[in-house]
Amino acid sequence: MHVRRYAVTGANATLGLESVHQLASVHTDCSTETYLLCRNENSANEAIAMLSKDHPDVTFRFIHFDSSDRSSIRSAIEALTSYIPQEQMLNGLLLNAGGFTSDRKGLPLQSGATLIAETNLLGHALLLDGLLSTKRIRTGSRVIFSGSEAGMGEPTAISWGNTLQYYIDILNGSSYKSYTPLDAYGHIKGMIAFYAAALARRYPDIYFAAISPGSTRNTKLMDQGQYPAMLNFFIKGYIKLAGQHDLSVGAKRYVYALDERYEYPSGSFVCSEKGYIGPVCNATKLKKGKVFGDEVKQDLVYDAVRQFLD
């Protein structure tokens with residue numbers, strides 16, 4: 001029997017867990033295996049118990065994964081490679097883990113990159129490298145990065161640089177005279193979009209996209225300790241006033257991309273047409289998003305990321 005296989009990072013809660021739940025309902029004409037890649041085994045096992053009740057015909061497996069820990073990532077690559085038969089592949093990989101993290105200073109880790117860069121982009125890039133190497137990601141696979149409208153800049157567009165060093169300095173934190181998690185988050189999410197586009201050109205038989213789930217309720221994005229309590233309170237209030245949609249709506253954007261329901265070409269950055277919710281579009285159709293079609297900048301970001309991996 002044909003088996004469809006998915007792997008989701010940050011899969012034990014909020015958007016990741018809801019995405020796993022929705023994916024389990026998509027293909028009823030074949031067997032489905034979903035790998036929950038996350039840090040907390042107890043939380044993952046609780047999630048698997050709940051999912052198994054709702055979807056008894058789907059196989060769920062926990063794999064320990066911390067996108068800020070290189071040894072954890074390598075172990076996850078080995079686990080996925082052993083679970084998936086050599087002649088088969090992952091149909092979909094959702095790189096959802098990340099967020100602001102608890103880092104308030106933007107100091108580099110042992111890898112030379114900041115925690116926010118490591119958790120959102122570099123750790124996922126390393127995971128993807130490993131799965132490409134073992135051919136568990138190959139022709140026909142779909143790889144979805146978690147994007148964000150913040151990657152275009154708020155309230156004004158980010159002025160992206162034209163040198164390799166510019167992007168290296170974002171990843172190592174040295175570009176900031178005064179580091180703020182909000183600025184770093186926007187830069188990293190924008191670089192994710194550039195990186196996905198660069199990968200799409202290098203691997204034309206694999207689908208890549210950066211998909212923004214939009215501004216989504218109950219994701220705990222603002223509860224990671226990145227800001228003092230009072231400032232965090234005001235930022236959360238602003239976000240609510242700007243508009244949010246339900247968790248199921250945000251996850252559906254990921255699932256539509258994984259399940260080929262979107263017709264956007266590989267390498268697209270899919271985001272809200274206006275603000276952070278509502279209908280979606282290819283970011284290059286927006287004034288602030290045109291830059292993501294710039295192949296020179298895509299390649300600069302790709303090369304900057306490789307500096308921290310190769």
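Visitor: How do helix 4 and helix 6 cross, and within what distance do their axes come?

Guide: In this predicted model, the axes of helix 4, which covers residues 115–133, and helix 6 come within 8 Å and cross at roughly 20°. Angles under 35 degrees count as roughly parallel, and helix 4 and helix 6 are therefore roughly parallel to each other.

Visitor: And is that crossing left-handed or right-handed?

Guide: The crossing of helix 4 and helix 6 is right-handed.

Visitor: Which residues make the contact?

Guide: From helix 4 the contact takes Ile116, Ala117, Asn120, Leu121, Ala125 and Leu128, while helix 6 brings a list that includes Pro181, Ala184, Tyr185, Ile188, Lys189 and Met191. Sorted by class, the residues of this contact of helix 4 with helix 6 are 13 nonpolar, one polar and one charged.

Visitor: OK, what about helix 5 and helix 6, at what angle do they pack?

Guide: Helix 5, made of residues 164–172, packs with helix 6 at an angle of about 125°, and their axes are 10 Å apart. Angles from 65 to 115 degrees count as roughly perpendicular and those over 145 as roughly antiparallel, so helix 5 and helix 6 are oblique to each other. The crossing in which helix 5 passes helix 6 is left-handed.

Visitor: Who touches whom there?

Guide: Tyr166, Tyr167, Ile170 and Leu171 of helix 5 make the contact with His187, Ile188 and Met191 of helix 6. By class, that contact of helix 5 with helix 6 has six nonpolar residues, one polar residue and no charged residues.

Visitor: New topic: how much space lies in the second largest pocket?

Guide: The second largest pocket holds about 180 Å³ of space. It is lined by 15 residues, of which Ala197, Gly267, Phe292, Gly293 and Gln298 are the closest to its centre.

Visitor: Which elements give two or more residues to that lining?

Guide: They are helix 6 (181–202), strand 7 (268–274) and helix 9 (295–307). Helix 6 supplies the largest share of the lining, four residues.

Visitor: And what kinds of residues line the pocket?

Guide: The lining of the second largest pocket divides into six nonpolar, seven polar and two charged residues.

How values were computed:
Residues numbered from 1 in each chain as written. Predicted model: local features only at pLDDT ≥ 70, side-chain atom pairs only at ≥ 80, totals over all residues. Heavy atoms only, no water. 1 Å grid on protein atoms, 1.4 Å probe; cavity = no way out; pocket = protein on both sides within 12 Å on 5 of 7 lines; lining within 4 Å. Points joined across faces, edges and corners; volume = space filled by probe spheres on them. Nonpolar A, V, L, I, M, F, W, Y, C, P; charged D, E, K, R; others polar. Axes fitted to C-alpha atoms, helices over the stretch in contact; angles between N-to-C directions. Left-handed = near helix turned anticlockwise from the far one by under 90°. Contact = heavy atoms within 4.5 Å.
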